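Let's take a look at one protein model and the molecule it holds. Have the sequence and the 3D view open as you read.

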Amino acid sequence: MNAETRPLVEAVNLHKHFHGVDVLKGIDMTVAEGEVVCLLGPSGSGKTTFLRCINQLEIFDGGRLYVDGDLLGLRESGGSLHRLSEKHIAQQRRQIGMVFQRFNLFPHKTALDNVIEGPVQVGGVSKKQARIEAGELLERVGLSERADHYPAQLSGGQQQRVAIARALAMKPKLMLFDEPTSALDPELVGEVLAVMRELADDGMTMVVVTHEIAFAREVADRVVFMDGGVVVEEGKPADVIRNPQHERTKTFLSRII
Ligand code: ADP
């Protein structure tokens, strides 16, 4: 990480358990502003849970998470910590865009109407302005021609690009991607990765859970390998992917490359 760039995301000793099972066992991680971090690791290692904690879709059980200096989900008063109100949490979540494996577009709305939904309903943006911005975003993801199409009329790759435009419409400081291409037919993966690559080139801060090793190698500034709820190793993609230091990383990479 460049010493001059400040951390946009900072996880400090983050813990999460489900029904008594520790899923995150003290994650320490920072993501600098403008940095692209790819999270790699076997299924069940806690990658999705970590993303969901950053977006407050899960409430973590211990440690601290900061986004842009804001302590997430908690406020300190009288020497102890209290949970923030739902309204305050919703405000914090608005800074963060998330793209899921499944695109979850509104089926009865066109691509354009899916993109304007957030800005109009929660962002207080006028419909007219939201439409202009949504048009620009659809152009950015290469879908200007499809603005009036409904999700069922779009391929999986196109739907996922609409989902990316929809997340960007809220002007997030940070974008989280949870295996955004793993539900797609192989021939549609490239178009989604190309949009993500452009976003990275434009300086967006991104945390990406992916099994696309070529993408991680070419686009990530850093890869973080997780296993069993801990960070096993991290570093520049060329180092971690070509020359992993830990046995667990070596085993994982040998299975997927
Ligand atoms: P990954 O993204 O690396 O595949 P996950 O974060 O999805 O890993 O899951 C980590 C572990 O937490 C898994 O064992 C999973 O079964 C468990 N887990 C995730 N979400 C829940 C949940 N809502 N309830 C119970 N267990 C869960």
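Predicted model: local features only at pLDDT ≥ 70, side-chain atom pairs only at ≥ 80, totals over all residues.

## Around the ligand

A polar side-chain atom of Lys47 sits 2.7 Å from an oxygen atom of the ligand. Residues are numbered from 1 along each chain as its sequence is written, and side-chain values use heavy atoms, with hydrogens and water left out.

| Residue | Protein atom | Distance to a ligand oxygen |
|---|---|---|
| Gly44 | polar backbone atom | 2.7 Å |
| Gly46 | polar backbone atom | 3.0 Å |
| Lys47 | polar side-chain atom | 2.7 Å |

How much of the ligand does the protein bury? Taken alone, the ligand exposes 570 Å², and the protein buries 60% of that. These areas come from the Shrake-Rupley method with a 1.4 Å probe.

The residues around the ligand include Phe18, His19, Val23 and Pro42. By class, this shell has three nonpolar residues, seven polar and one charged. In this count, Ala, Val, Leu, Ile, Met, Phe, Trp, Tyr, Cys and Pro are nonpolar, Asp, Glu, Lys and Arg are charged, and the others, Gly among them, are polar.

## Helix α1

Which helix gives the most to that shell? It's α1 (residues 47–54), with three residues. Helices here are DSSP runs (H or I, at least four residues), and strands are E runs of at least two, numbered from the N terminus. Six of the eight residues in α1 are buried, where buried means under 20% relative accessible area, exposed means over 50%, and partly exposed is in between (1.4 Å probe, protein chains only). Lys47 is one of the buried ones, and so are Thr49 and Phe50. After α1 comes Gln56, with a positive phi near 60°.

## A look at His211

His211 lies in the loop between β10 (205–209) and α7 (213–219). Why does His211 count as partly exposed? Because its relative accessibility is 36%. His211 and Pro42 are 169 residues apart in sequence, yet their C-alpha atoms are 9.1 Å apart in space. Pro42, remember, is one of the residues around the ligand.

Definitions and conventions: Near = heavy atom within 4 Å. Polar contact = N/O pair within 3.5 Å; in protein donor to acceptor, adjacent residues only side chain to side chain.
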